[in-house]
Amino acid sequence: MAITVSKPSHEDFHNEDSEYLAKRTLKSGSAGWLLLAGLGVSYVISGDYAGWNNGLAHGGFGGLLIAGIVIAGMYLAMVLGMAEMSSALPAAGGGYTFARRALGPWGGFATGTAILIEYSIAPAAIATFIGGYVESLGLFGITDGWWVYLAVYAIFIGIHLTGAGEALKAMFVITAIALVGLVVFAVSAWGLFDADNLTDIPVDTSAVGASSFLPFGVFGIWAAVPFAIWFFLAVEGVPLAAEEAREPEKNVPRGIRISMLLLIVTGAGVLFLATGALGAEALSTSGNPLVQALGDAGAAKAVNYIGLAGLVASFFSIMYAYSRQTFALSRAGYLPTGLSVTNSRKAPVLALIVPGIVGFVLSLTGEGAMLLNMAVLGAAVSYVLMMVSHIVLRRREPDMPRPYRTPGGIVTTSFALVIAVGAVIATFLVDVTAAMWTVAAFAAFMAYFGLYSRHHLVANSPDEEFAVLAKAEEELE
């Protein structure tokens with residue numbers, strides 16, 4: 001094995017042989033743009049069924065609406081930037097690959113870590129919501145959620161181990177069912193809509209700028225930001241499927257843009273219709289907002305069961321995302337290399353199982369709201385780093401081949417960057433405990449990199465090769 005040392009950044013790289021990489025390959029050509037768009041929607045669809053409504057308790061309808069518009073703008077700008085980077089750097093590392101090229105090993109690992117925290121913790125939060133649904137529906141006589149958490153992790157890890165193509169097709173079907181549920185809800189809620197219900201939260205007269213539209217004042221907009229993120233959280237994970245996509249330079253950008261536009265429609269629909277049907281005050285504390293909004297309507301029971309499919313879709317797809325992020329970081333040596341070994345179906349076995357065990361343990365806390373806020377902070381940090389990466393690459397490598405180019409260039413991603421910084425700060429306003437736990441986890445990962453893994457990086461892994469080639473070209477110039 002040849003050893004090389006990168007003197008400027010003091011990281012140690014080495015080349016692995018062909019056998020090492022052969023044991024760490026994914027199945028290419030498993031997904032076209034339609035499955036990728038379905039993947040983007042499935043990451044997020046559970047956010048339409050539960051979680052977002054708690055933002056009403058912090059900002060009221062007006063605060064959550066304004067926060068939602070701003071966050072939708074941020075995500076749209078961000079995915080346009082990511083579409084460009086994924087077309088230029090199509091690898092399984094997604095945001096880590098982009099940041100590695102732009103910001104070096106430390107920046108790449110920091111971005112990958114933030115993404116991994118998001119994708120490892122979000123399924124744990126969703127598992128608690130699934131447990132709540134199963135108990136409320138009286139399914140299987142289960143009264144203790146941990147059996148549900150164990151079952152969903154075990155079943156869906158098993159499905160993912162059969163291969164990406166099979167898993168993505170199963171996920172697409174579940175997501176389609178969840179979308180049908182949202183249509184059924186919208187049709188039923190339309191007849192119950194009353195505009196007065198949108199602003200029925202008592203006004204806090206001591207808050208600056210308070211009104212019936214903003215019952216908690218202007219500050220409520222900021223406090224509602226983490227909940228507005230739940231409408232779109234994890235859609236940025238589509239590029240993680242780049243190595244398994246057909247013509248990734250075309251299909252990944254197309255898939256992520258289509259999924260984002262569809263999610264804007266579904267998010268706006270549930271915000272207006274659910275709040276208008278039940279009332280902002282009652283909805284703000286609901287664990288099952290769409291069903292409660294329908295009340296005694298005949299469709300309520302159907303939406304309740306289909307809502308479970310929505311939660312399952314997001315759980316299933318984010319599990320795919322955490323496995324690919326773990327796989328990419330492991331293959332390049334940032335995490336233990338055993339995590340990236342794939343089976344005969346080209347599925348990364350331990351990259352699916354190990355984060356799954358961690359998520360299951362976290363789900364046992366039953367603290368779904370806290371886990372959600374931890375995932376949101378990890379996501380927001382990654383957004384900051386990815387937008388910085390886009391700006392740096394545009395400035396430093398203007399001639400890098402880009403099959404897709406972001407409309408507006410760095411102006412677009414600079415807007416996303418500013419909002420993402422605000423989102424990071426907002427997460428501390430909502431739940432300081434959750435934020436500090438996330439910071440502690442992030443610090444532990446970075447300490448591992450600083451003390452150990454930065455001295456064992458694999459130079460010829462696909463994600464690292466993008467950066468190595470760029471460095472070589474720079475030195476030749």
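**Notebook: helices, core and selected residues**

I began with helix 13 (residues 300–331): at 1.5 Å a residue its 32 residues should span 46 Å, and its end C-alpha atoms lie 47 Å apart, which agrees. The expected span is 1.5 Å times one less than the number of residues. Helices here are DSSP runs (H or I, at least four residues), numbered from the N terminus.

I noted the basis of the entries: this is a predicted model, in which local features need pLDDT of at least 70 and side-chain atom pairs count only at pLDDT 80 or more, whereas totals for chains, interfaces and linings use all residues. Residues are numbered from 1 along each chain as its sequence is written, and side-chain values use heavy atoms, with hydrogens and water left out.

**Helix 13, continued.** I looked up burial, where buried means under 20% relative accessible area, exposed over 50%, and partly exposed in between (1.4 Å probe, protein chains only). Gly333 follows helix 13 and has a positive phi, near 90°.

**Core.** I then turned to the largest nonpolar core, which has 151 residues. Such a core is a set of buried Ala, Val, Leu, Ile, Met, Phe, Trp, Tyr and Cys residues joined through side-chain atoms within 4.5 Å. Trp52, Tyr75, Ile130 and Phe185 have the most contacts inside this core. Helix 5 (residues 95–137) gives the most to this core, with 19 residues. I also recorded Gly131 in helix 5; it is buried, at 0% relative accessibility. Beyond four places in sequence, Gly131 touches Val148 and Tyr149, contact meaning heavy atoms within 4.5 Å.

**Helices 4 and 10.** How do helix 4 (residues 56–88) and helix 10 (residues 248–278) pack, at what angle and with what distance between their axes? I found an angle of about 175°, with the axes 9 Å apart. Axes are lines fitted to C-alpha atoms, for helices over the stretch in contact, and angles run from 0 to 180 degrees between N-to-C directions. That makes helix 4 roughly antiparallel to helix 10, a term for angles over 145 degrees. The residues making the contact include Leu64, Tyr75 and Val79 of helix 4, and Ile256, Met260 and Phe272 of helix 10. They divide into 17 nonpolar, three polar and two charged. In this count, Ala, Val, Leu, Ile, Met, Phe, Trp, Tyr, Cys and Pro are nonpolar, Asp, Glu, Lys and Arg are charged, and the others, Gly among them, are polar.

With the neighbours within four places left aside, Ala77 is in contact with Thr412, Thr413, Phe415 and Ala416.

**End of helix 10.** Helix 10 has 31 residues and reaches 43 Å from first to last C-alpha, close to the 45 Å expected. Just after it, Gly279 takes a positive phi of about 115°. Gly279 is among the residues touched by Asn197, as are Thr275 and Ala280. Asn197 lies in the loop between helix 7 (164–190) and helix 8 (219–223) and is buried, with a relative accessible area of 18%.

Most residues other than glycine have a negative phi. I recorded Ala234, with phi near 90°, and Glu247, with phi of about 45°. Ala234 lies in the loop between helix 9 (225–229) and helix 10, where Glu247 is also found. Is each buried or partly exposed? Ala234 is buried at 1% relative accessibility, whereas Glu247 is partly exposed at 44%.

Definitions and conventions:
Helices (H or I, at least four residues) and strands (E, at least two) are DSSP runs, numbered from the N terminus. Angles under 35 degrees count as roughly parallel, over 145 as roughly antiparallel, 65 to 115 as roughly perpendicular and the rest as oblique.
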